[in-house]
Amino acid sequence: MPRVLWKGAISFGLVHIPVGLYSAEKRNSFDLTMLDRRTMKPVGFKRYNKETGEDVSWDDIVKGYDYEKDRYVVLTEEDFKRANVEATQTVDILSFVDEDEISSMYFETPYYLAPDKRGHKGYALLRETLKQTGKIGIANVVIRTRQYVAALIPVGDVIVMNTLRYANELRGTDEFEVPSSNLKAAGVNAREIEMAQRLVDSMTAKWNPEEYRDTYHEDLMALIEKRVQAGQTEVITEPAQEGEERPAKGEVIDLMALLKRSVETKGKAGKQARPAKARGRKSGPRAA
């Protein structure tokens, strides 16, 4: 069971559903230790008093808000809660919107909301109502010391709470030079669009997240294992010499030729796969 981040409740109208909040992420990351390259010994961080230079233990550390130069208001976890108890313990649904209205750019971090023993009926009611209406709930929630706007989305039997970026956290696009929707001005012709659509059709498949793997993480782990097996754990790899071939600046790309080759490649792959399926279908009745 993952660690609960906080316990509170989902609130909409007069409905109050006790829940726990859990992280839904499990990132493929490396816990790397910083080493002194001269001795290969770990490099540590010191917590010290910047005025006296003395070490400070965790028990003696508090958080402070700098309201003037070198003057602080001390704040504890209890202060954060007491500032607004309802905000820090409630997923307060403000409205419901159609699930396809929110651009993917706004989605930030997913969390699972799970009911406690007293919240099962209300949880099921909210989840099924969201499913049947095709809506998602837009809510305010405080996680640690920051307030978020969040979307409550039914995913299978679980309600996922995905924090959203505020509108002012997204940059505008005015500073970028991008082609206009006038394809003729962009130099794109109808034949190229048709060929591109054929390529998209040939590559279209059902979404299956299990098909996609973090191959970079796997390759890096394989490299680490290879170094361990070879006894080369302390070898420092120097940067490669520059001299790799790169596309020339201003090089004209023949999109049509690339599209044709892509479609042909996908077509050949499809033809090679079909006979095996056909043989399987024909042999079925004979085996019966």
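**Close-up 1. Glu 68, a partly exposed residue in strand E5.** In this predicted model, Glu 68 has a relative accessibility of 45%, so the residue counts as partly exposed. Look for Glu 68 in strand E5, which covers residues 63–68.

**Close-up 2. A nonpolar surface patch with Tyr 65, Tyr 67, Val 73 and Leu 75.** Together, these four side chains make a patch of about 370 Å². Two elements, E5 and strand E6 (71–75), each give two or more residues to this nonpolar patch.

**Close-up 3. Leu 75 in strand E6.** Here we stay with one member of the nonpolar patch, Leu 75. Is Leu 75 buried or partly exposed? Leu 75 counts as partly exposed, because its relative accessibility is 30%.

**Close-up 4. Arg 146 and its contacts.** Arg 146 lies in strand E10, which covers residues 146–155. With 30% relative accessibility, Arg 146 counts as partly exposed. Which residues does Arg 146 touch, leaving aside those up to four places away in sequence? They are Glu 108, Val 141, Tyr 166 and Glu 169.

**Close-up 5. Arg 146 and Thr 88 across the fold.** Along the sequence, Arg 146 and Thr 88 are 58 residues apart. In space, the C-alpha to C-alpha distance between Arg 146 and Thr 88 is 9.3 Å.

Technical notes: Residues are numbered from 1 along each chain as its sequence is written. This is a predicted model: local features need pLDDT of at least 70, side-chain atom pairs count only at pLDDT 80 or more; totals for chains, interfaces and linings use all residues. Side-chain values use heavy atoms; hydrogens and water are left out. Helices (H or I, at least four residues) and strands (E, at least two) are DSSP runs, numbered from the N terminus. Buried means under 20% relative accessible area, exposed over 50%, partly exposed in between (1.4 Å probe, protein chains only). Patches are made of residues with over 30% relative accessible area and no salt bridge: like charges are joined within 9 Å, nonpolar side chains (Val, Leu, Ile, Met, Phe, Trp, Tyr) within 5 Å. Accessible areas come from the Shrake-Rupley method with a 1.4 Å probe; for residues, only the protein chains shown count as cover. Contact means heavy atoms within 4.5 Å.
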